[in-house]
Amino acid sequence: MPETRLPIAVIGGGMAGMTAALEAAEAGAQVVLIEREPALGGRVAQLARYFPKLCPPSCGLEINFRRIKQNPRIRILTRARVEDITAQPGGYRLTVLVEPRYVNQACTACGKCVEVCPAEVPDPWNYGLSKRRAVYLPYPAAFPFQFVIDRSACLSGCRACQDACPYGAIELTEQPKQEVIEAAAVIVATGWSPYDASRLTHLGFGRFPDVITNAMMERLAAPDGPTGGRIVRPSDGKEPRSVVFVQCAGSRDENHLPYCSSVCCAASLKQATYVREQCPDAEVTIFYIDIRTPGRLEDFYQQVLNGDRIRLIKGKVAKVERSAETGRLVAVAEDALSGRKLTVEADLIVLATGIVPNSQDLPPVLARDPFGFLAIPPSEKGIYVAGCVRRPEEVAATVQDATGAALRAYQCLVRSLAHA
Amino acid sequence: MAELVVRPDERFIQEVLANGGADLKKCYQCATCSTVCALSEEDRTFPRRQMLLAQWGLKDLVLSDPALWLCHSCGDCTEQCPRGARPGDVLGALRQQAIQYFAWPKFVARWVNNARAVWTLFLLPVLLFAGLGLWGPETVSEQMEFANEYPVPVLEALFFSVSGLAVLAFAVGLGRFVKALRVQGATAPILPNLVPAIGEIFAHRRFQKCQAEPFRYPGHLLAFWGFLGLGFVGTVIGIGTMGGWLHTPLPLSHPLKVLANLSAAVALVGASILLANRLRNQQLRQRTTYFDWLLVWLLAGAVLTGLLSELLRLAQLKVMYGVYFIHLVLVFALLAYAPYSKLAHAVYRTVALAATRRGTRGGP
């Protein structure tokens, strides 16, 4: 192929974006991968294990990172946000704002800067379950393996890290840059965010520290998480004796997310196995409206159920309170099968919060459905959507989705060459 | 449950949908409603179960469920329902169906609850009172008095007979209701439990637990006490005049008259709060049916015309006879149709509360 051809722009460097970028690049296309965060990996990097195989995502991520590193056709922009997309003959023109990292390529990730940094903020990587410094490594296996500075967290006038860095890698005065990228096709794979649990105060979130989200549960169970992989109560670090999972915490609810987030049932079943493995004596109760484990996940559901000590109760938890007598948390629900009101005491309550598409910050020209998922009309030949910003889906489906999007984008490339 | 044979009564489902329960089919049985309901009891939960039975068209089963009457239409469930199925409104619609289901004679219930026949409801009292006013015996006194046109003994005889018929109809309806309650496991003895149940109703203890609609508790409490006062005064004066030891019009300072005026004022305030609440909430307004409006307007109309005719009599204006005529028509309708209108909820609820009283329930 001639060298003058335009690249494919991939927005989002999570599992979907990385997959699309790799599939396209390995087929011979030039790719610009635009990631908002300082490192690639997305939500998958925050998971402890995948369902249904219950293996850690780290090996898959490592393979992807290596493939990207080895591929000269992929250019990565981190801390970059697409501000505008306009169509032009033969493709699209993307205006990208690249926020400074304040740490340059000379960084060896030695960590001297962190030792001296006086500013501490809740770590969004661990959903606030731990703290981090203003200068930090996004996560232990981060790619690019390079520190970054959260300037909004810096103490005013402080330059301790700059003074401590033996490599001159810190540039506190670095400015944001705008970059224009011309692309033959665009793949949008900006992924998802967990539903804002602070809106679920009736389920105790924000009122009780031991009410956490399923995303937080992944961090607790992850070996690189705030507890080194131990599932404990955030309030006192003790092992829970009773864990309650609250399905549809915000999903399938007109007052929150009207749609089914599709992965939370399997995710909670998976997390139930974490508890069963770590705290064999703990009671595990899953409150659900319907267990939705389509396709091969039905086997996973049966497999988890066959292990004992997991109780499933049909009935949505509508109230979480602290028991006046025992001081423990209680989840209140009606068991719809027996028609009795139940209160289950728990040390840890996990809200199965759903999937919100990361579409808020994307240019308005990209069409959305009423729920915020991207819904690009098929007549738009050149913009393709993959992963959870298209619809809520599990990782395996996301990878398939991204591969399909890469093929579609590659077809655009071929078409533009035919016209050239 | 293993023996349950589901024979859906499709007409019943349509009737619930058409009469205030339009969102019934949106329910997907998540049970949020039963959990957030402050009145739903541990082993007698509602409204999720009743939503399901109604969706399935299990008319006999759902209409004899005492839980229908434990619900006080707080609207807490409706507010938190994730599907907009408005369970609070659906239970209201089911109570309407239940009143018609147990009513005797049934054709009267169908007639009273037929919106298109609303004018015929007033035909009988209009003819009665018009006849009485135009052709009845007339007396002349110095002062203009209602008794000049509508002789007290005739009125009392009429109203006591109508009330008697209503009591008879209620008796038959309650007989059926109690039988159904027993089948549903509401086995507490009713008579001994009536006293605590009525005490609870007097205090509106259950209403106090409602959260979504803070004005319903004071509104219903005032309306309840106002109309109870009016009913009490009306009965006492009726007996008194027939016994000959009371003569209307009573002077304004008479304790019964004071109680009557006070009750009317309280009822008016309460009814206004309830009405304002219903009109303010757009969704509730949309779900308000003929069944609701009939009671609201009968009650409001009866109090307003009653107060107005009293004022006109004090002012000695001749139009007082016309207003009093309307008052009589409305009061007649209120009493005559009580077993078939929304007013019947007072009777069915009281009995259901007694039959389900905790600690006294027999059987398994």
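**Exercise 1. Find how far helix H16 (residues 290-315) of chain B reaches, and which of its residues are buried.**

Solution. Start with the length: H16(B) has 26 residues and spans 36 Å from its first C-alpha to its last, close to the 38 Å expected at 1.5 Å a residue. That expected span is 1.5 Å times one less than the number of residues. Helices here are DSSP runs (H or I, at least four residues), and strands are E runs of at least two, both numbered from the N terminus.

A word on the model: it is predicted, so local features need pLDDT of at least 70 and side-chain atom pairs pLDDT 80 or more, while totals for chains, interfaces and linings use all residues. Residues are numbered from 1 along each chain as its sequence is written, and chains are lettered from A in the order in which they are written.

Next, look for burial (20 or more other C-beta atoms within 10 Å of a residue's own, with C-beta atoms placed from the backbone). The buried residues of H16(B) include B:Phe291, B:Leu294, B:Leu298 and B:Ala302. The buried residues pack against H7, helix H13 (216-243), helix H14 (255-280) and helix H17 (320-336) of chain B. Finally, step past the helix: B:Gln316 follows H16(B) and has a positive phi, near 55°.

**Exercise 2. Describe how the two domains of chain B meet.**

Solution. First set the bounds, which come from an automatic or database domain assignment: domain 1 covers 10-102 and domain 2 covers 114-355 of chain B. Their centres, taken over C-alpha atoms, are 27 Å apart. Then count the contact (C-beta atoms, placed from the backbone, within 7 Å): domain 1 of chain B gives 22 residues and domain 2 of chain B gives 26 residues. On the domain 1 side, helix H5 (67-70), helix H6 (76-80) and helix H7 (87-102) of chain B each give two or more residues. H7(B) provides the largest share, six residues.

**Exercise 3. Work out the strand order of the open sheet in chain A.**

Solution. Three strands line up as E4-E5-E10, with antiparallel pairing; two strands pair if DSSP finds at least two bridges between them. Now find the edges: strand E4 (80-88) and strand E10 (177-183) of chain A each pair on one side only. Strand E5 (residues 91-98) of chain A joins E10(A) over seven bridges. One bridge to check on screen links A:Thr95 to A:Val180 in E10(A).

Technical notes. A residue is buried if 20 or more other C-beta atoms lie within 10 Å of its own, exposed if 12 or fewer, and partly exposed in between; C-beta atoms are placed from the backbone.
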